[in-house]
Amino acid sequence: MSTAASEQRRTALLDQQRSLRREIDDLGADRDADEVAFDADAGFADRSHSTEERERVMTMARSLRANLREVERAIRKLDNGSYGLCERCGNPIGDERLDAIPWTPLCIDCKKLVG
């Protein structure tokens, strides 16, 4: 991969990392744990709604954290020189796929196999 392409992907990954961290923080969630800040003083009638909302936010936070881990793993791979190689088969991941999803760990063929 050319230096220009590598730096372009690094920039995209760092932008995505910042965006995900901001979204996690905006939810009141911890980036490393399944904790979310909630107002425990909700009235009895609001508790059912609060439980539903808490579950929705926790699900969103889990998804954002998983995406953040993928992005951070891709950044580490850029740093150690293994970026752009499929984690399953070891073959190069196509440029089009990396342009679309710079943090993808799998080539398109392996992604199709694992779902």
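Colleague: How many nonpolar, polar and charged residues are in the lining of the largest cavity?
Modeller: This is a predicted model, where local features need pLDDT of at least 70, side-chain atom pairs count only at pLDDT 80 or more, and totals for chains, interfaces and linings use all residues. Residues are numbered from 1 along each chain as its sequence is written, and side-chain values use heavy atoms, leaving out hydrogens and water. Here Ala, Val, Leu, Ile, Met, Phe, Trp, Tyr, Cys and Pro count as nonpolar, Asp, Glu, Lys and Arg as charged, and the others, Gly among them, as polar. Sorted that way, the lining has six nonpolar, two polar and four charged residues.

Colleague: And how much space lies in the largest cavity?
Modeller: A cavity is a set of points, on a 1 Å grid over the protein atoms alone, where a 1.4 Å probe fits but cannot get out; lining residues have an atom within 4 Å of a point. Points are joined across faces, edges and corners, and the volume is the space filled by probe spheres set on them. Searching the whole structure turns up one cavity of 30 Å³ or more. Its lining includes Tyr-83, Trp-103 and Thr-104, and the space in it is about 40 Å³.

Colleague: Is Thr-104 buried or exposed?
Modeller: Thr-104 sits in the loop between helix H3 (95-100) and helix H4 (108-114), with helices being DSSP runs (H or I, at least four residues) numbered from the N terminus. Buried means under 20% relative accessible area, exposed over 50%, and partly exposed in between, with a 1.4 Å probe and protein chains only. Thr-104 has 8% relative accessibility, so it counts as buried.

Colleague: Leaving aside neighbours within four places in sequence, what is Thr-104 in contact with?
Modeller: Contact means heavy atoms within 4.5 Å. By that rule, and skipping those neighbours, the list for Thr-104 is Ile-93, Arg-97 and Leu-98.

Colleague: What separates the C-alpha atoms of Ser-6 and Tyr-83?
Modeller: Ser-6 belongs to helix H1. Ser-6 and Tyr-83 are 77 residues apart along the chain, yet their C-alpha atoms are separated by 9.0 Å.

Notes. On a 1 Å grid over the protein atoms alone, a cavity is a set of points where a 1.4 Å probe fits but cannot get out, and a pocket is an open set with protein on both sides within 12 Å along at least five of seven lines; lining residues have an atom within 4 Å of a point. Helices (H or I, at least four residues) and strands (E, at least two) are DSSP runs, numbered from the N terminus.
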